[in-house]
Amino acid sequence: MRNSLIVYGTSFILFVVLVITGCGSGALSASNPSAPAVAGSNSPSPTPTPSATPSPSPSELVTRFAYMVFGGQTVQGFSVDENTGATAPLVQGPLTVGDGFTRFVATDPQGKFLYIAAEANRTRGGVSGHDEIGAFRINSSNGDLTPVAGSPYIMSEGTGAIAVSPDSKFLYMAQLTGISVFSIDQNSGALTLLPGSPFAPPDSLTANARIALAIDPSGRFLYEPQEGLARGQGGQIAVYSLSTSTGTPTPVTGSPFHIASSISPTAIVADPQGRFVFTGGEAGGLNPGPNVDVQQVHTPGSLSPAPGSPFASNDPVFSMTIEPSGKFLYVAAGGVGPSGVFAYTIDPSSGALMQVLGSPFAPNKFGPMATDHSGKFLYIGTSSGLLSYAIDPVTGALIFVSGDSSMDGSLQSAVTTVAY
């Protein structure tokens, strides 16, 4: 069972910067008294990466539920109509995660557990709420969420983007001090911090190293976008090789890899077939340059720019998602010029992008996104719920299906879908 993970992308970018500058430091631990104890503790010539280990075909999975994380302290579940793509709020209603500000979401590929990372509000030097991880068990019959014992797990430093390994054994979190890794109890969903976390701390010239994460579909590599502080350095992607037995990340030779110098990264997605990595960001200025970077993946994990990269959308990019077959990329962006969802076809050989005629779709909707597992529908989070769009299987164009289209899509934090 696979999940569709949306790495963060909302109108909170300025808020993120404020939060990051106020983050504390120190080793991670779980301090919730009722929680289970959390254990503390020159590139070769590029060679095309072999195809990833085949996963179950999306056609074998049916998306049953979608979950939207609000920017407050709540998560809302929705049922999904597999035929029309329409969604409806679950009878259970929204649940409170903790007292932090929910930002990031991930499900295990088996669809058993939902994880939500929340952060404390540190604006103006004050602290409200906690940095924490909420863990929930998903009822496969009705989508209801039940908190895992000890949830939420209180963290000792700022939380960041999260992702679950394809084998469902590990949860990864990007933090200012490195990559923290948690083992996942396969029965309860409880988290235990791996000794040695956080791994691979970024150097002193790195900023915003916790805004997004993506995992190669085979589970071989973890991708973390970062912002370089050196003049002219621009954005970069740290690439980590993942141990399938221990879960520990190790930087690959040559990491981090520089992307377009004009881009400050805000979102990242990995190609479902393991061929490419897509990074969106903020170029800035009244006439921003292209802000969607595409990198080709080579053995053993090195990256190189795709022809024509970077590509243009609106500025800044708030969120990104990719259709499960790897045919279409969707970029939600708003700011200077027309706002909405920019659709692209992906060249299967080079990764180069071609903007779909009619972009941007979903005018003024630039919140978090997720596709269903069949690749037929795309969902956008708004303040009133989810908007559903059908994906044209030939062109990639979006056709409105359901939801309150009068609401903008810029206020929510993350969206994910679950299939069985």
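This is a predicted model: local features need pLDDT of at least 70, side-chain atom pairs count only at pLDDT 80 or more; totals for chains, interfaces and linings use all residues.
Residues are numbered from 1 along each chain as its sequence is written, and side-chain values use heavy atoms, with hydrogens and water left out.

**D131**
- The D131 side chain also reaches the backbone nitrogen of T159, at 3.2 Å.
- D131 lies in the loop between β7 (113-119) and β8 (132-138); strands are DSSP runs (E, at least two residues), numbered from the N terminus.
- D131 counts as buried because its relative accessibility is 5%, where buried means under 20% relative accessible area (1.4 Å probe, protein chains only).
- Not counting residues up to four places away in sequence, D131 touches residues including Y153, I154 and M155; contact means heavy atoms within 4.5 Å.

**I138**
- I138 is found in strand β8 and, at 6% relative accessibility, counts as buried.
- L114 is 24 residues from I138 along the chain, and their C-alpha atoms are separated by 6.8 Å.
- Among the residues that I138 touches, beyond four places in sequence, are Y67, F113, L114, V418 and Y420.

**Nonpolar cores**
- The largest nonpolar core has 34 residues, and Y115 and Y172 have the most contacts inside it; such a core is a set of buried Ala, Val, Leu, Ile, Met, Phe, Trp, Tyr and Cys residues joined through side-chain atoms within 4.5 Å.
- Elements giving two or more residues to this core include β7, β8 and β18 (235-242).
- β12 supplies the largest share, five residues.
- A second, separate core of 19 residues includes V294, F311, F342 and I346.

**Open sheet**
- Four strands form an open sheet in the order β21-β22-β23-β24, with antiparallel pairing; two strands pair if DSSP finds at least two bridges between them.
- β21 (264-270) and β24 (303-305) stand at the edges with a single partner strand each, so one side of each has no neighbour in the sheet.
- Six bridges join β21 to β22 (residues 276-282).
- P265 has G281 in β22 as its bridge partner.

Definitions and conventions: Buried means under 20% relative accessible area, exposed over 50%, partly exposed in between (1.4 Å probe, protein chains only). A polar contact is a pair of N or O atoms within 3.5 Å; within protein, one must be able to donate a hydrogen and the other to accept it, and residues adjacent in sequence count only if both atoms are side-chain atoms.
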